[in-house]
Amino acid sequence: MWEPDSSGEMGKWLSGTEQANLRRAIIIWFYRVFLPNRAPELEFPEVSDFTNLHEVHDMLAERIKKWPELWEERGREEGRQEGRQEGRQEAEMRALESKRNAARKLIALTEMSDQLIAEIEELPVEEVEKLRAETQH
């Protein structure tokens, strides 16, 4: 039976030909269960040899170096998307307020009906009625 006496002993033991099936099972579990659950947004390249621990180690060592860059880029992209969404919402709010202000002026300066003002400013009639009630107070 294997007993650990240094940090490299387990690797040596797993490298033995009699442990090929165990190595394969560990690597497959690592790729299909452990990594996807820890970093679901990342893609992992296929391993050509599911029994070669060194291949897996070398590939992961290279890949892990790139993860912070990928995370930063994804964060920047999410930030850009959120910024665009916030910008659209802000523009929509400004446009709506502009329509309300124009409707207030039409209410104050003309004898137009609420229906006509609503059509001109592309507002619901209920909105124009509410604005008229506010201006008369």
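Author: Along the sequence, this predicted model follows the pattern α-α-α-α-α. Its secondary structure comes to 5 helices and 0 strands.

Reader: What share of the 137 residues in the protein is buried?

Author: Buried residues account for 21% of them. Among contacts with a separation of 6 or more, 37% join residues 24 or more positions apart.

Reader: What makes the phi of Glu122 worth a remark?

Author: Phi of Glu122 is near 55°, a positive value in a residue other than glycine. Most residues other than glycine have a negative phi.

Reader: How do you know that the buried residues of H5 line one face of the helix?

Author: The buried residues in H5 are Glu127, Val128, Leu131 and Arg132. Seen down the axis of H5, these buried residues fall within an arc of 140°, so they line one face of the helix. An α-helix has 3.6 residues a turn, so residues three or four places apart point the same way. On the other side of H5, Glu126 and Lys130 are exposed.

Reader: Against which elements do the buried residues of H5 pack?

Author: They pack against H3 and H4.

Reader: What makes up the largest nonpolar core, and which elements give two or more residues to it?

Author: The largest nonpolar core has 8 residues: Ala103, Leu106, Ile107, Ile117, Ala118, Leu123, Val128 and Leu131. Such a core is a set of buried residues joined through side-chain atoms within 4.5 Å. The elements giving two or more residues to this core are H3, helix H4 (114–121) and helix H5 (125–135). H3 gives the most, with 3 residues. Apart from this core lies another, of 7 residues, among them Ile27, Tyr31, Leu35 and Met59.

Reader: Which residues are in contact with Ala118, leaving aside its neighbours within four places in sequence?

Author: Ala118 is in contact with Leu123, Pro124, Val125 and Val128.

Reader: How much space lies in the largest pocket, and which residues line it?

Author: About 210 Å³ of space lies in the largest pocket. Its lining consists of Gly11, Ser15, Ile26, Ile27, Phe30, Leu53, His54, Val56, His57 and Leu60. A lining residue has an atom within 4 Å of a point of the pocket.

Reader: Which helices each supply at least two residues of that lining, and which gives the most?

Author: Helix H1 (9–15), helix H2 (20–38) and helix H3 (53–109) each supply at least two residues. H3 gives the most to the lining, with 5 residues.

Reader: What is the make-up of the lining by class?

Author: The lining of the largest pocket has 6 nonpolar, 4 polar and no charged residues. Gly counts as polar in this scheme, and Gly11 is one of the lining residues.

Methods:
Residues are numbered from 1 along each chain as its sequence is written. This is a predicted model: local features need pLDDT of at least 70, side-chain atom pairs count only at pLDDT 80 or more; totals for chains, interfaces and linings use all residues. Side-chain values use heavy atoms; hydrogens and water are left out. On a 1 Å grid over the protein atoms alone, a cavity is a set of points where a 1.4 Å probe fits but cannot get out, and a pocket is an open set with protein on both sides within 12 Å along at least five of seven lines; lining residues have an atom within 4 Å of a point. Grid points are joined across faces, edges and corners, and a volume is the space filled by probe spheres set on the points. Helices (H or I, at least four residues) and strands (E, at least two) are DSSP runs, numbered from the N terminus. Buried means under 20% relative accessible area, exposed over 50%, partly exposed in between (1.4 Å probe, protein chains only). Contact means heavy atoms within 4.5 Å. The arc is that of the directions from the helix axis to the C-beta atoms.
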